[in-house]
Amino acid sequence: MRSAADAGHIDTLRIERSMAGLAQLGDWVDTVTAALGLGKAAEYAVRLCVEEATVNVVMHGVAEGAADNDAGFVVLRVEPAQDALRVTVEDRCGAFDPLHAPPPEPPIDLETARVGGLGIHLMRQYARAISYERAGDTNRLTLTIAR
Amino acid sequence: MRLETEEVAPGVTKANLTGRLDIGGSQEIDLAFNVLAGSQRALIVDLSQVDFIASLGLRLLIVGARTVQRKGGRMILLRPPIAVEAVLVSSGTDNVVGILRNLDEAIHAVSG
């Protein structure tokens, strides 16, 4: 399997870990889902999972080594995998397993409703499987999505 | 992402959103939507032309509804497409912001 860090293909995107980087996601998902000929449901799931996973890295990732320029980037990849799609999101921030986050409590009123922490919960609804691994200095989140 | 407003009854504003409430779309209308929520007591947010929402879009809607409520008003979501409604329900947003499919009912709900 090619690493997601192997950029340069239409199915792979390397963005800055910044709001400017996040702004590139929408057009890229348009391109990659069109190239794969995905239906509306799979396209929605890919868009949601790519967005939530990347927002997590941009908002919560902490660069550990100041000398490591790659810590400032996120590398995304979408590829077919049998009857499904595999979405991979890699970063080189400090080890962070988002799957350990506790499930959010359903909001009971507007005043106390949390406005964050829903990303992982939503990804779990839209992905058939999610796994996390720390590979060397890389966080790798892999999502399997029905196509 | 487009945000347009119209008065659908005396004192009742309908915000018509068009596009994707993804990161980019949410950012594009964030300021205008906050200003709108801060200036209305009866607000209907028409989602019928919104084809995507994720957590940043949910945040926008919840913060807006809270702003309206703090002034003693009410915000209602109108006619979300099925895919968008599924996210509203899955996140529990529908527990705290009402969703209606009929404009007259929405006008009645926010006018109370």
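Colleague: How many of the eight residues of E3(A) are buried?

Modeller: This is a predicted model. In E3(A), six of the eight residues are buried, so the strand is mostly covered.

Colleague: Which elements make up chain A, and in what sequence do they run from the N terminus?

Modeller: Chain A contains four helices and five strands. Read from the N terminus on, they follow the pattern β-α-α-α-β-β-α-β-β. Of the 147 residues in this chain, 37% count as buried. When contacts between residues at least 6 apart in sequence are considered, 66% of those in chain A join residues at least 24 apart.

Colleague: What order do the strands of the sheet in chain A have?

Modeller: As a general idea, strands of a sheet pair through backbone hydrogen bonds, in either a parallel or an antiparallel manner. Here the five strands form an open sheet in the order E1-E2-E3-E5-E4 (chain A), and the pairing is antiparallel. The edge strands are E1 (12-16) and E4 (129-135) of chain A, each of which pairs on one side only. From one strand to the next, the twist averages 15 degrees.

Colleague: How many bridges join E3(A) to strand E5 of chain A?

Modeller: Eight bridges join E3(A) to E5 (residues 138-146) of chain A, and the two run antiparallel. Individual partners can be followed in the model: Arg86(A) is bridged to Thr144(A) in E5(A), and Val89(A) to Leu141(A) in E5(A). E2(A) and E3(A) also pair in the antiparallel sense, over eight bridges. There, Val74(A) has Asp91(A) of E3(A) as its bridge partner.

Colleague: Which residue in the turn between E2(A) and E3(A) has a positive phi?

Modeller: The residue is Gln82(A). E2(A) and E3(A) form a hairpin with two residues between them, and Gln82(A) in the turn has a positive phi of about 55 degrees. Gln82(A) is not a glycine. Its place is the loop between E2 (73-81) and E3 (84-91) of chain A.

Colleague: Is Gln82(A) buried or exposed, and why?

Modeller: One counts the other C-beta atoms within 10 Å. Gln82(A) is exposed because 8 other C-beta atoms lie within that distance, and a residue with 12 or fewer is classed as exposed. Arg79(B) is found in the loop between strand E4 (74-78) and helix H3 (82-90) of chain B. With 19 C-beta neighbours inside 10 Å, Arg79(B) counts as partly exposed.

Colleague: How many residues does each chain bring to the contact between the chains?

Modeller: Chain A brings 23 residues and chain B brings 22 residues. On the side of chain A that touches chain B, helices H2 (25-35), H3 (40-60) and H4 (119-126) of chain A each supply at least two residues. The largest share, six residues, comes from H3(A). By type, this side of chain A divides into 14 nonpolar, four polar and five charged residues.

Colleague: Which residues of H3(B) are buried?

Modeller: They are Val84(B), Val87(B) and Leu88(B). These residues lie on the same side of H3(B), because they cover an arc of only 100 degrees around the axis. They pack against H4 of chain A, and also against strand E3 (42-53), helix H4 (93-96) and strand E5 (98-100) of chain B. After H3(B) comes Gly92(B), whose phi is positive, near 80 degrees.

Conventions: Residues numbered from 1 in each chain as written. Chains lettered and ligands numbered in written order. Predicted model: local features only at pLDDT ≥ 70, side-chain atom pairs only at ≥ 80, totals over all residues. Contact = placed C-beta atoms within 7 Å. Nonpolar A, V, L, I, M, F, W, Y, C, P; charged D, E, K, R; others polar. Buried ≥ 20, exposed ≤ 12 C-beta atoms within 10 Å, placed from the backbone. Arc of directions from axis to C-beta. Pairing = 2+ DSSP bridges. Axes fitted to C-alpha atoms, helices over the stretch in contact; angles between N-to-C directions.
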